[in-house]
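Here is a friendly tour of one protein model, going from the whole chain down to a single residue. Have your viewer ready.

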Amino acid sequence: MGLEEKIRELEEEMARTQKNKATEYHIGILKAKIAKLKREVIAPKKSGVRTGGFDVKKSGDATVVFIGLPSVGKSTLLNALTGAKSKTASYAFTTLACIPGVMEYGGAKIQLLDLPGIIVGAREGKGRGKEVLAVARNADLVLILLDVFQPGILNAIKEELGGIGIRLDEKPPNIYMSKKLRGGVEINTTVKLTKLDEKMILGMLNEYGIHNGSLVFREDATPDQMVDFLAANRRYVRSIVVLNKVDMVSEEYLKKINFDFVPISAEKSLNIEKLKKERFDRPTIEDACSRLHRDLVRDFKYALVWGKSAKFPGQKVGLSHILEEGDIFTIVKKQG
Ligand SMILES: Nc1nc2c(ncn2[C@@H]2O[C@H](COP(=O)(O)OP(=O)(O)OP(=O)(O)O)[C@@H](O)[C@H]2O)c(=O)[nH]1
Ligand SMILES: [Mg+2]
């Protein structure tokens, strides 16, 4: 049986299984099995695997990737933001490659990547979907662009991104492990675990061939987070949802859409400045940390801020605090 086939079989089994207390363990193990099999599918080893020409060199201070169905206006938006000339047209799959543009904003150079549209099933390779999604794995921000007449597709798009290991607006699970050669598995917690029990943790570790080691849970992690931790190939990326072509609808129509979005018209240049100002120009403490050092976000305890964004000099803030130009901050790390 091929890898893809095995994965499909397990996914079907999971879909068939009713979710309740009695099946929790079984489902958890299935998730771990699937994640393990998908390792190669999600992040293939570089050697010998064709990347399909979407390999783009990161440049600038941050990379924003446009993800959306065909014809939602991704290329029109790139052109509106950067003055690039990515081809736009009223038919689907106009863009066939990754088209980069650069936007300068507030002294920062932001790389914007216009990509071919994705369709449902992209993560399985439909319409070069895998290559497109792979580019999003390396982004600092995923801009999900929706057509004003198809807002309902948002969850399906998030699922496509999730299927390739991208976790939007989530933090890496607060779980640590040091492997050992013998002595079995030791589980330590700094909080009470309510969503995972020892049996499930050991069962999942077993799927990954881990029989010895010392684990520390610093949050009440879910089975999904435990799987993400074990898979060790997840990307934690910020996202924004932008609704395009609002020139074609009324305010009343927009009010009925029940999730957060930035309304724009790429073609009519409506709200483009607002999009830039509100979304691209707002680095958080988290952004600053991850730029300084890979482990800083994980070890982050709190920060002290001086400058325009601080309510008072030396204000104590968390990761999501939005910084302003010229701010100065100190990061305080967790112990041990
Ligand atoms: N009314 C209206 N039409 C728009 C707007 N933005 C883009 N369009 C139109 O939508 C169509 C598709 O635009 P593109 O920018 O090519 O869309 P895309 O998402 O890049 O499409 P693919 O490359 O095929 O994935 C074109 O005919 C655009 O003129 C907008 O704000 N309002
Ligand atoms: Mg396009």
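The protein exposes about 18,300 Å², and 51% of it is supplied by carbon and sulfur atoms; the areas come from the Shrake-Rupley method with a 1.4 Å probe, where for residues only the protein chains shown count as cover. This is a predicted model, in which local features need pLDDT of at least 70, side-chain atom pairs count only at pLDDT 80 or more, and totals for chains, interfaces and linings use all residues. Residues are numbered from 1 along each chain as its sequence is written, chains are lettered from A and ligands numbered from 1 in the order written, and side-chain values use heavy atoms, with hydrogens and water left out.

The C-alpha trace spans about 65 × 60 × 45 Å along its principal axes. The protein holds eleven helices and 13 strands, which are DSSP runs numbered from the N terminus (helices: H or I, at least four residues; strands: E, at least two).

| Share | Value |
|---|---|
| Buried residues among the 336 residues | 43% |

Now zoom in on Ile110, found in strand E3 (residues 108–114). Is Ile110 buried or exposed? Ile110 counts as buried because its relative accessibility is 5%. Leaving out residues up to four places away in sequence, Ile110 touches several residues, including Ala62, Val64, Met103 and Phe280. Ser59 lies 51 residues from Ile110 in sequence, with 7.9 Å between their C-alpha atoms.

Conventions:
Buried < 20%, exposed > 50% of the residue type's maximum accessible area, 1.4 Å probe, protein only. Contact = heavy atoms within 4.5 Å.
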